[in-house]
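Here is a friendly note for anyone opening this entry for the first time. Take a look at the view below, then follow the points in order.

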Amino acid sequence: MALVTEAGSNPRVVLAPWLWGARVDLAVFGGPALAAFAVVVAARATSLEAGALPEWSWLVFVLGVDVAHVWSTLFRTYLDGAEVRRRPVRYLGVPVAVYAMGVALHLIGGSLVFWRALAYLAVFHFIRQQVGWTAVYRARAGDRGRLDKLLDEGVVYLGTLYPLVYWHANLADRRFSWFVAGDFLEVSAFAARALPFARVLFFVALALFVARQVERWARTRTVHAGKLLVIATTVAAWYVGIVATNSDLDFTVTNVLVHGVPYLALVWAYARERRRDAPRALGSRIAAGGAAAFVSLVLVFAWVEEAAWDRLVWHDREWLFGEAVASPGALALALVVPLLALPQATHYVLDAFIWRRGDTRALDAQRRALGFRAAPAS
């Protein structure tokens, strides 16, 4: 779908391509960013930005979006028997390997080493998802050139790595952590020296990227609006949540909404398309109940997971999850914590594979969910 506008006597300007259509793409990618920035502004008006993450925001953003989007991966994987049989080593081997690695890290290095490894894996996952969105938009536009790939990925990588370098350079002043206090390496002195170079590289990449978009518009009167939307919201969210502000709420809302909501939309699009190809799959039967059934299931799983975390490990929300269980010993924690983290760690690893070009070519449902035509019948 292309959105076309008239500009006086100038040739028509084409805003394209879109994945699901202009309105849906704007809502899926632009809506979460606008909502996040609105929360940031509202927090300043109510003095919430300096305090701990309010309980309501934890429920909405952490449990309701972040944890829920992890569980939505089930519809692309384990709720589809045919898909598991297609890639048994991947779907059975990854959780086993991830759990074994987590236990080993916890036993050998302790809790902080485990959380540090998980934090950096999460950072990589969050960045790579945004790179992946730009790659999909580029493919939808038919861009096969190396220049656009280099510029697109350069501005996303540097637009996220520059805030991360800033974070590492200012660790002592941060009012928030990725997962737990101390999970990022203490390399403040090195990061402080690298920060000016990271800043310059980011602005150079951004200037080159903008110049390329202006050149494309001048030459073809085409604006790749969807890709621009993804890149703009990514860069803005990471800058606002990490560099421009210093608040647990600000970081959480900008980090979670821009990442989690589009992913939920993608998995829901896949689940609907998969119903056409495999109506008897468990995921398809649940998706037959509509978006309400889809959302309800992932929220239930998210709530159960967080209840287990709170009762066994964190003991923070007795008002929501009930009385805490006595804390396990060190050896038990080394077995329990990686098990509780297994859904998100497995999600991080699987997500690096299941949306790749090879799987998209093999699965008509995934092709259609990403806005491509289904493969021709043989």
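**Cavities and salt bridges**

1. Helix 9 and helix 10 (282-287) each supply at least two residues to the lining of the second largest cavity. Please keep in mind as you read that this is a predicted model.

2. Who else stands around that space? The second largest cavity is lined by Phe 75, Leu 79, Asp 80, Ala 271, Arg 274, Ala 281, Gly 283 and Ser 284. Its volume is about 40 Å³, and its lining residues split into 4 nonpolar, 2 polar and 2 charged.

3. How many cavities of 30 Å³ or more does the search of the whole structure find? There are 2, and the largest cavity holds about 90 Å³ of space. Helix 5 (111-141), helix 8 (225-244) and helix 9 (248-277) are the elements that each give two or more residues to the lining of this largest cavity.

4. You can find the largest cavity by looking for its lining, which includes Phe 126, Gln 130, Trp 238, Phe 251, Asn 255 and His 259. The residues around the largest cavity comprise 6 nonpolar and 6 polar, with no charged ones.

5. Now to the charged side chains. The structure holds 21 salt bridges, and one of them pairs Arg 138 with Glu 153 at 4.0 Å, N to O. Arg 138 sits in helix 5 and Glu 153 in helix 6 (residues 146-169), so this pair links distant parts of the chain, 15 residues apart. Arg 138 is buried, at 6% relative accessible area, and Glu 153 also counts as buried, at 16%.

6. Another salt bridge joins Glu 215 and Arg 212 at 2.8 Å, N to O. These two are 3 residues apart in helix 7 (residues 188-220), which means about one helical turn separates them. Glu 215 is partly exposed, with a relative accessible area of 32%, whereas Arg 212 counts as buried at 16%.

7. What does the salt bridge between Arg 368 and Asp 277 tie together? Their side chains meet at 3.1 Å, N to O. Because Arg 368 lies in helix 16 (residues 364-369) and Asp 277 in helix 9, the pair ties together parts that are 91 residues apart in sequence. Arg 368 is buried, with 16% relative accessible area, while Asp 277 is partly exposed at 37%.

How values were computed: Residues are numbered from 1 along each chain as its sequence is written. This is a predicted model: local features need pLDDT of at least 70, side-chain atom pairs count only at pLDDT 80 or more; totals for chains, interfaces and linings use all residues. Side-chain values use heavy atoms; hydrogens and water are left out. On a 1 Å grid over the protein atoms alone, a cavity is a set of points where a 1.4 Å probe fits but cannot get out, and a pocket is an open set with protein on both sides within 12 Å along at least five of seven lines; lining residues have an atom within 4 Å of a point. Grid points are joined across faces, edges and corners, and a volume is the space filled by probe spheres set on the points. Helices (H or I, at least four residues) and strands (E, at least two) are DSSP runs, numbered from the N terminus. Ala, Val, Leu, Ile, Met, Phe, Trp, Tyr, Cys and Pro count as nonpolar, Asp, Glu, Lys and Arg as charged, and the others, Gly among them, as polar. Buried means under 20% relative accessible area, exposed over 50%, partly exposed in between (1.4 Å probe, protein chains only).
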